[in-house]
Amino acid sequence: MEKYTFTYTIYSGGEDTPGDVMTLVKTAAKAREGAYAPYSEFLVGAAIEMKDGTIHTGNNQENAAYPSGLCAERVALFHASAVCGDKKIKRIAIVGGPRDSVESSPAAPCGACRQSILEYEERQGEPIEVVFAGVGLSPIYSVHSVKDLLPFSFGRENLEG
Ligand SMILES: [Zn+2]
């Protein structure tokens, strides 16, 4: 029998929350306001902080042909990769919740987004912190590396045999 454990941090969104984390979470919340989610009415914003301090945002983009839409995290990730090339990502913040809610539970990235974040984590060889919250921005969950959210993951080394 083996055991898998990981540690994570829960911030209140108040005094205990590091300033740079809070700033990124608020940026994600602002990006959420521009989401195009007429079908689910569940709006998500994502903000990516690069190691050089630049920020890239995204929000969910839905489509009448449902699978053609894309999550906020991947909109932000793909944009960051498109314009930054192989610059490194420090952290990604995600804020999600129903359109008119003022409080919701923390919106963790879906499985497909975890897989996408992992791709960039492996590409840069350094962990990407994943921070996520509901629309009330409290509590805020922080995970040191996306690998903690994706045990026994499939990655590029699998393709190398
Ligand atoms: Zn997703």
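**View 1. Helix α2, checked end to end.** In this predicted model, helix α2 covers residues 72-84. With 13 residues at 1.5 Å each, α2 should span 18 Å, and its end C-alpha atoms do sit 18 Å apart, so expectation and model agree. Look along α2 for its buried residues: A72, E73, R74, V75, A76, L77 and A80. What do they pack against? The buried residues of α2 meet strands β2, β3 and β4, plus helix α3.

**View 2. Helix α3 and its buried face.** Helix α3 runs over residues 111-124. Its 14 residues should span 20 Å at 1.5 Å a residue, and the end C-alpha atoms are 20 Å apart, which agrees. C113, I117, L118, Y120 and E121 are the buried residues of α3. Viewed down the axis of α3, these residues fall within an arc of 165 degrees, so they line one face of the helix. As a reminder, an α-helix has 3.6 residues a turn, so residues three or four places apart point the same way. On the face of α3 turned away from the buried side you'll find G111 and A112, both exposed. The buried residues of α3 pack against α2, β4 and β5. Just past the end of α3, G125 has a positive phi of about 70 degrees.

View 3. Between the two strands sit 4 residues. Which residue of this hairpin takes a positive phi? That's G53, with a phi near 95 degrees. As for β3 itself, 4 of its 5 residues are buried, so this strand is largely enclosed by the rest of the structure.

**View 4. The sheet, strand by strand.** Strands of a sheet pair through backbone hydrogen bonds, either parallel or antiparallel. This sheet is open and has 6 strands with mixed pairing, in the order β1-β6-β5-β4-β2-β3. Which strands are at the edges? They are β1 (8-11) and β3 (55-59), each of which pairs on one side only. Neighbouring strands of the sheet are turned by 15 degrees against each other on average, ignoring direction.

**View 5. Helix α1 across the strands.** Helix α1 takes up residues 19-32. This helix lies across β1, β2, β3, β4 (89-98), β5 (129-133) and β6 (140-143). Relative to β2, α1 runs at about 140 degrees.

**View 6. Zooming back out to the whole chain.** How many helices and strands does the protein have? The count comes to 4 helices and 6 strands. Starting from the N terminus, the elements follow the pattern β-α-β-β-α-β-α-β-β-α. The C-alpha trace spans about 45 × 40 × 40 Å along its principal axes. A compact globule of 161 residues would have a radius of gyration near 15 Å, and the protein has 15 Å, so the two agree. Buried residues account for 37% of the 161 residues. Finally, take the contacts between residues at least 6 apart in sequence: 64% of them join residues at least 24 apart.

Definitions and conventions: Residues are numbered from 1 along each chain as its sequence is written. This is a predicted model: local features need pLDDT of at least 70, side-chain atom pairs count only at pLDDT 80 or more; totals for chains, interfaces and linings use all residues. Two strands pair if DSSP finds at least two bridges between them. Axes are lines fitted to C-alpha atoms, for helices over the stretch in contact, and angles run from 0 to 180 degrees between N-to-C directions. Two residues are in contact if their C-beta atoms, placed from the backbone, lie within 7 Å. The expected span of a helix is 1.5 Å times one less than its number of residues. A residue is buried if 20 or more other C-beta atoms lie within 10 Å of its own, exposed if 12 or fewer, and partly exposed in between; C-beta atoms are placed from the backbone. The radius of gyration is taken over C-alpha atoms; the globule rule is 2.2 Å times the number of residues to the power 0.38. The arc is that of the directions from the helix axis to the C-beta atoms.
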